[in-house]
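Here is a short report for a first look at this structure.

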Amino acid sequence: RIGRLRYLAWSMVLIVAALGLFIIPSVAFAISATLGWILTGILCLGVLFVCLQIGVQRLHDIGWSGWLMLLNLIPIVGNLFALALVLMPGNDSSNCFGPPQPPNSRAVKVLAALWLLVPILGIVAAIALPAYWQRG
């Protein structure tokens with residue numbers, strides 16, 4: 001079981017790790033396109049596996065079956081379902097998937113709070129980059 005803050009924190013760690021690891025296939029593309037595609041496929045499968053594992057743990061905290069992760073494959077419904085995973089609180093007591101999670105550490109709170117920087121940095125980049133390119 002994994003709560004909302006841990007879900008956000010582990011998602012942030014997964015994204016940062018995946019971005020760092022995608023350097024390897026990009027270098028492999030310079031050597032061989034086939035090798036690059038093979039490494040990209042392996043890396044994508046690994047990220048998908050960890051993403052599904054985190055999502056199923058989040059569903060278990062809510063008290064739902066992990067098979068509901070298949071809802072992500074349905075257009076529009078998948079987007080709303082991902083939002084529900086972030087917004088819905090988990091069970092405070094034990095459920096059929098195990099005992100409740102321990103209290104969140106400071107590191108979990110900091111990693112989850114970093115998600116607030118993502119839209120802020122996106123807005124700043126959307127404003128700053130066009131102005132930068134017009135000056136040059």
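Which helix gives the most to the lining of the largest pocket? It is α3, with six residues.

**Confidence.** This is a predicted model. The chain has an average pLDDT of 90. A score of at least 70 is reached by 99% of the residues.

| Element | Residues | Mean pLDDT |
|---|---|---|
| Helix α3, highest | 33–62 | 94 |
| Helix α6, lowest | 117–135 | 86 |

**A helix pair.** Helix α1 spans residues 4–21. Its axis comes within 10 Å of the axis of α3, and the two cross at roughly 175°. Angles over 145 degrees count as roughly antiparallel, so α1 is roughly antiparallel to α3. On the α1 side, the contact is made by R4, Y7, W10, L14, A18 and L21. On the α3 side, L43, V47, V50, C51, I54, G55 and R58 take part. By class, the residues of this contact are ten nonpolar, one polar and two charged.

**The largest pocket.** This pocket holds about 410 Å³ of space. Its lining has 19 residues. Closest to the centre are Y7, S11, C51, M69 and N72. Of these, Y7 and C51 also belong to the contact of α1 with α3. Helices α1, α3 and α4 (77–87) each supply at least two residues of the lining. What is the make-up of that lining, in nonpolar, polar and charged residues? There are 16 nonpolar residues, three polar and no charged.

How values were computed: Residues numbered from 1 in each chain as written. Predicted model: local features only at pLDDT ≥ 70, side-chain atom pairs only at ≥ 80, totals over all residues. Heavy atoms only, no water. pLDDT = per-residue confidence, 0-100. Helix = DSSP H or I, 4+ residues; strand = E, 2+ residues; numbered from the N terminus. Axes fitted to C-alpha atoms, helices over the stretch in contact; angles between N-to-C directions. Parallel < 35°, antiparallel > 145°, perpendicular 65-115°, else oblique. Contact = heavy atoms within 4.5 Å. Nonpolar A, V, L, I, M, F, W, Y, C, P; charged D, E, K, R; others polar. 1 Å grid on protein atoms, 1.4 Å probe; cavity = no way out; pocket = protein on both sides within 12 Å on 5 of 7 lines; lining within 4 Å. Points joined across faces, edges and corners; volume = space filled by probe spheres on them.
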